[in-house]
Amino acid sequence: MTALVFPVAGLLALTAGGHLLLPFDGVTTLEGKIASKSEFFEDEKVQRLLMKHGIRVHITRMGSRDIATTGFDGYDFAFPSGQPAADLIKNDRKRKNAYAKGHSAFVSPIVLATYREYAETLRDHGLATPRQGVSADGSSTLYYTLNMKRFIELSAEGTRWDDLNIKKYRTENSNRILAQTSNVCEANHAGTYLGLVAFVENGNTVPTDNAAADRVARKIKPTLVSQGLPSEQMFQTYEVPEGKGLAPIVVVYEHQYFAYQIRQRQQTGKPDSQRVLLYPSTQFLTEPEYIALTPKGDRLGELIENDDQLQRRAMELGFRVLDSSGKATSTELYRFLEDQGIAAPASAANDTKATLPSLPLLERMITSVGDCPPPTSTPGTSS
């Protein structure tokens with residue numbers, strides 16, 4: 001786990017009412033446990049906006065499942081990346097009659113990030129279909145729909161990239177075709193991808209009892225654990241030149257890819273046309289939930305959920321912001337991308353929407369597939 005402190009920028013800060021604050025004078029420091037959404041609090045503009053409200057954050061970064069299964073003493077909030085970990089926390093707090101209040105502000109689909117030659121190789125074999133959204137040269141799509149059932153079958157069969165003639169695109173890779181994730185015992189995106197694969201392998205239905213969950217877990221385990229040592233920072237690997245050989249397809253959140261392309265556009269004047277997205281034909285929308293563990297933490301949760309400037313900044317960081325009815329909308333995000341010179345993906349109304357198993361069954365499958373060790377402590381106690 002990593003602890004990060006975000007100090008006050010500059011010598012003076014303004015409160016929401018316009019009063020000057022000396023460094024740290026009148027500023028509330030909140031302690032939080034955060035998974036992949038830590039980049040929201042690492043953003044300098046977010047830090048400045050929070051300082052207007054007299055708030056700074058000190059975060060401990062860890063995987064979503066680790067957040068849910070280790071202690072909360074001394075913490076004001078927890079921010080796992082998906083609903084399963086959030087439910088673990090809220091259920092445990094309820095059993096202990098401990099403070100917990102949830103806030104939701106934005107969502108992000110699970111996607112597979114890859115490189116153009118790999119996407120085009122899959123396209124050659126009927127696994128990937130281009131979506132709208134052209135690259136900077138106006139000729140190539142940045143987005144594809146991936147046939148999840150066939151992709152999983154290829155991986156289970158042990159098919160390698162060289163078997164699909166990846167050499168056609170001046171690339172050699174004798175590794176098995178699969179989508180790499182972080183440790184399924186720790187990371188929400190890995191557990192969610194497991195649930196997505198299980199849904200597809202179970203005939204686009206959710207396992208509803210222990211026997212079905214165990215059967216599907218046994219079936220998908222060889223595919224999900226055959227990737228070697230898991231990485232804690234999958235997207236950072238994807239960004240570097242070596243990523244193409246180390247992990248040609250990685251499971252990430254959509255907002256991470258959009259944020260990357262926004263940075264590329266700002267730094268180079270154009271998006272990266274060689275890094276593209278595969279949208280699974282069976283999709284799942286992750287719903288990160290901020291959970292206040294103290295009344296102080298609840299104040300920050302209210303701001304994240306309701307402050308227009310923070311909501312705008314979340315959208316600028318690639319998130320699909322929730323509207324007033326609590327529904328995810330991509331309209332403003334896609335308009336922002338277009339304004340930035342980045343093509344937005346077309347929606348695919350006929351994609352299947354995946355559903356995760358119930359929390360006990362998902363936990364059972366994660367533990368089975370990942371051979372996960374028992375929690376280091378009971379949630380809500382010292383870790």
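Helix H6 (148-156) supplies 3 residues to the lining of the second largest cavity, the most of any element. This is a predicted model, in which local features need pLDDT of at least 70 and side-chain atom pairs count only at pLDDT 80 or more, while totals for chains, interfaces and linings use all residues. Residues are numbered from 1 along each chain as its sequence is written, and side-chain values use heavy atoms, with hydrogens and water left out.

**The second largest cavity**
- This cavity has a volume of about 70 Å³, where volume is the space filled by probe spheres set on grid points joined across faces, edges and corners.
- A cavity here is a set of points, on a 1 Å grid over the protein atoms alone, where a 1.4 Å probe fits but cannot get out; lining residues have an atom within 4 Å of a point.
- Its lining has 10 residues, and Ser 155, Leu 178, Ala 179, Tyr 193 and Thr 223 lie nearest its centre.
- Two or more lining residues come from each of H6, H7 and H8; helices are DSSP runs (H or I, at least four residues), numbered from the N terminus.
- The lining divides into 7 nonpolar, 3 polar and no charged residues. Ala, Val, Leu, Ile, Met, Phe, Trp, Tyr, Cys and Pro count as nonpolar, Asp, Glu, Lys and Arg as charged, and the others, Gly among them, as polar.

**The largest cavity**
- The whole structure holds 3 cavities of 30 Å³ or more, and the largest has a volume of about 110 Å³.
- Of its 14 lining residues, Arg 65, Pro 84, Asn 188, Glu 363 and Ile 366 are the closest to its centre.
- Helices H3 (64-69), H4 (83-95), H7 and H15 (359-370) each supply at least two residues of this lining.

**The nonpolar core**
- The largest nonpolar core has 96 residues, and Phe 41, Phe 77 and Leu 300 touch the most other members. Such a core is a set of buried Ala, Val, Leu, Ile, Met, Phe, Trp, Tyr and Cys residues joined through side-chain atoms within 4.5 Å.
- Helix H7 (residues 188-201) gives the most to this core, with 8 residues.
- Not counting residues up to four places away in sequence, Leu 300 touches Leu 30, Phe 41, Leu 50, Ile 55, Val 57, Phe 77 and Tyr 290; contact means heavy atoms within 4.5 Å.

**Asn 202**
- Asn 202 sits in the loop between H7 and helix H8 (210-224).
- Asn 202 counts as buried because its relative accessibility is 16%, and buried means under 20% relative accessible area (1.4 Å probe, protein chains only).
- Beyond its neighbours within four places in sequence, Asn 202 is in contact with Pro 207, Arg 215 and Val 216.

Note on methods. Buried means under 20% relative accessible area, exposed over 50%, partly exposed in between (1.4 Å probe, protein chains only). On a 1 Å grid over the protein atoms alone, a cavity is a set of points where a 1.4 Å probe fits but cannot get out, and a pocket is an open set with protein on both sides within 12 Å along at least five of seven lines; lining residues have an atom within 4 Å of a point.
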